[in-house]
Amino acid sequence: MLESPCKSISVLNAWSESQEELRETQPVSPHGTEKRVKTKKKKRKQKQSQKRSVSAPQLCPEEDYKERVETKYRPDEPIVRGIFQIEKKSHDVVLTTTRVTWTPIQPETPTADRDLKKQEEYVDLKDVFAVKVKRRRSAGQQSGGTLLGITLFQCKKKGLKLKDHAIHLNNLSVDHCEIWFKTLKELLNGFKNRPKSLKVFVNPISHKKEAYQIYLDEVAPLFKLADIQVDVTITERKGHALSILKDCSLEDYDGVVCVGGDGSVSEVAHGLLLRAQMDAGRDTDSIFTPVQAALPLGVIPAGSTDVVACSVHGIRRAATAALHIIMGHHQPVDVCSFSCMGRLLRFGFSAMFGFGGRTLALAERHRWMPPSQRREFALIKTLAKLKPEDCELSFLTAKGAEDQKKAELNGDGGDICEGDWQSRKGLFLNISIMAIPCLCSMAPRGLAPNTRLNNGSMALISVGNTSRSEFIKHLKRYNSTNNQFGFSFIETHSVKAVRLRPSSQSSWTDDVSEENEESDSKNTPIISSEGTYPWNIDGDLLDVPSELLIRVHPQLLTLFGSDVEEAEETPVKCSCI
Ligand SMILES: Nc1ncnc2c1ncn2[C@@H]1O[C@H](COP(=O)(O)OP(=O)(O)OP(=O)(O)O)[C@@H](O)[C@H]1O
């Protein structure tokens with residue numbers, strides 16, 4: 001994972017670059033005290049030169065360092081060693097290829113060695129994401145200033161939360177700090193998964209329209225600290241990110257970041273994957289085998305539910321998401337493709353048909369309402385008019401797919417044939433298909449706790465026809481530790497592919513016309529053209545004219561994050577049920 005330090009020539013210039021500097025501001029001194037300040041400065045200068053002579057690098061002088069950068073460092077052998085003040089105490093500090101270790105300097109006693117071992121502290125370089133030169137500057141001063149030392153920025157883990165933590169190594173010697181700074185920079189540049197340049201999409205209308213502010217306050221400062229170049233687009237309309245991703249030069253970036261809710265994440269993920277298919281010359285108007293996306297995707301949660309962010313971070317925190325990106329934590333995830341009549345409609349992580357699709361369609365037609373009010377209104381209204389969908393559901397179980405694979409290996413199988421599929425025909429209240437667990441505050445164990453981020457299969461949850469009260473009981477269980485699927489009218493399967501053919505065309509169009517009669521036609525555009533069915537794909541409405549084929553593609557996309565079991569959040573009770 002570590003690159004030979006001699007390759008990173010740019011690092012040798014970084015010492016003098018202003019962006020590498022961390023400023024400790026000091027108030028401008030009033031004119032009357034100028035003389036006193038001058039004498040103080042003189043004294044400080046004298047002290048500095050005294051300190052310099054004490055704490056210059058001890059084991060590895062500059063010549064030695066230059067020689068070392070031309071050869072590979074040996075693991076765990078000290079590269080640089082010196083004295084720094086840490087939290088106002090002098091410490092003996094050692095840098096190896098893997099960690100920085102510091103031990104307090106104390107007068108020798110018979111038990112000194114044992115005591116020192118106890119007081120030894122360290123930080124692993126794999127947890128350090130930035131090193132800066134620390135200077136004291138007066139207010140308004142743009143450059144120069146008194147060198148105070150160097151600061152390491154560590155990514156600290158507390159539960160699922162990631163936090164940045166500064167470790168100040170104070171030493172007033174320029175030579176000393178320069179050697180430490182350059183060596184640390186070279187070692188940090190060796191972590192190849194960490195992005196240097198990112199394309200960022202911000203959806204300004206997500207949830208409470210706070211996405212850009214969240215980016216500016218919680219994410220941009222961390223990216224700056226980690227010296228990541230960013231190219232930010234604030235999206236102007238639905239499909240904007242997709243159109244950019246189809247055409248832009250991706251070679252300039254090491255990753256793509258989306259600041260927004262699930263709809264935005266889904267659009268960016270679809271854009272990245274569609275672009276990969278275009279680049280690989282795949283015919284998306286056929287049932288094709290997709291290629292992986294070229295770049296990893298970072299998800300900064302700024303939506304109302306953020307199931308993708310919760311599933312890959314376990315927590316809805318912009319700073320945690322940003323640190324996963326900065327540290328280059330890669331998590332491969334399974335992705336679904338949605339095709340209709342042999343044509344790819346889109347890629348995504350989850351889909352809902354029936355109650356989930358209807359609720360979203362209704363909410364979308366009331367966009368003029370504030371987001372939470374709109375969702376509650378749609379949920380209550382759809383529950384009040386609860387109707388089952390008459391459809392034919394076919395699915396290829398993960399086991400069936402394994403048998404198919406084995407048969408192919410033995411030379412007795414070809415394409416997936418009808419015989420490998422199971423079918424159910426009848427009335428369903430809701431059908432969910434999810435490639436990721438879909439953790440969120442309303443379902444801390446996930447909407448689909450039976451699937452993992454990259455287990456190569458999707459969870460199929462079909463809720464058959466039942467009474468409204470039984471259906472509400474099932475919905476309420478998502479919020480508790482009770483098994484939400486423990487009802488006779490619910491079936492769950494681990495599947496590779498699903499086909500859903502609705503036949504209850506009349507029931508949906510009836511709802512639309514009835515709804516339109518009641519509502520203000522200026523504010524609520526008629527959504528579905530006749531004969532289409534509303535699907536909820538990652539919180540985005542997709543009108544599908546007929547049968548939808550959903551396939552899972554194992555590890556098609558890499559997200560910045562890690563695999564988590566459960567969302568670390570206090571369950572939120574949905575106030576309306
Ligand atoms: N400037 C814009 N104006 C209108 N729509 C936009 C704009 N930029 C992006 N979009 C679209 O807005 C849709 C919804 O966005 P997003 O999912 O981020 O917000 P949300 O619906 O509030 O959050 P959640 O999905 O978590 O409920 C996405 O499909 C996205 O394509």
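Here Ala, Val, Leu, Ile, Met, Phe, Trp, Tyr, Cys and Pro count as nonpolar, Asp, Glu, Lys and Arg as charged, and the others, Gly among them, as polar. All views show a predicted model.

**View 1. The shell of residues around the ligand.** By class, this shell is made up of eleven polar, eight charged and two nonpolar residues. Ser206, His207, Ser264, Glu267 and Ser304 come nearest among the 21 residues around the ligand. Helix H8, which spans residues 262-279, supplies the largest share of the shell, with four residues.

View 2. Of the 630 Å² of accessible area that the ligand has on its own, the protein covers 87%.

**View 3. A nonpolar patch on the surface, formed by Tyr212, Leu216, Val230, Val232 and Ile234**. Together these five residues have about 340 Å² of accessible area. Helix H6 (211-225) and strand S10 (229-234) are the elements that give two or more residues to the patch, and the largest share, three residues, comes from S10. Val232, found in strand S10, counts as partly exposed because its relative accessibility is 32%, which falls between the limits of 20% for buried and 50% for exposed.

**View 4. A salt bridge between the buried residues Asp227 and Lys132**. The two side chains meet with an N to O distance of 3.0 Å, and the pair links distant parts of the chain, with Asp227 in the loop between H6 and S10 and Lys132 in strand S6 (residues 128-138), 95 residues apart. In total, the structure holds 20 salt bridges.

**View 5. The salt bridge between Arg367 and Glu364**. The closest N and O atoms of this pair are 3.1 Å apart. Arg367 is partly exposed, with a relative accessible area of 42%, and Glu364 is likewise partly exposed, at 24%.

**View 6. A network of salt bridges that links Glu392, Arg499, Arg501 and Glu547**. Within this view, Arg501 forms a salt bridge with Glu392, their closest N and O atoms being 3.5 Å apart. Arg501 lies in strand S19 (residues 490-502) and Glu392 in strand S16 (residues 389-397), so this pair ties together parts that are 109 residues apart in sequence. Arg501 is partly exposed, with a relative accessible area of 43%, and Glu392 is partly exposed at 24%.

Notes:
Residues numbered from 1 in each chain as written. Predicted model: local features only at pLDDT ≥ 70, side-chain atom pairs only at ≥ 80, totals over all residues. Heavy atoms only, no water. Near = heavy atom within 4 Å. Areas by Shrake-Rupley, 256 points an atom, 1.4 Å probe, with all protein chains shown as cover. Patch = residues over 30% accessible without salt bridge, like charges linked within 9 Å, V, L, I, M, F, W, Y side chains within 5 Å. Salt bridge = Lys/Arg side-chain N within 4 Å of Asp/Glu carboxyl O. Buried < 20%, exposed > 50% of the residue type's maximum accessible area, 1.4 Å probe, protein only.
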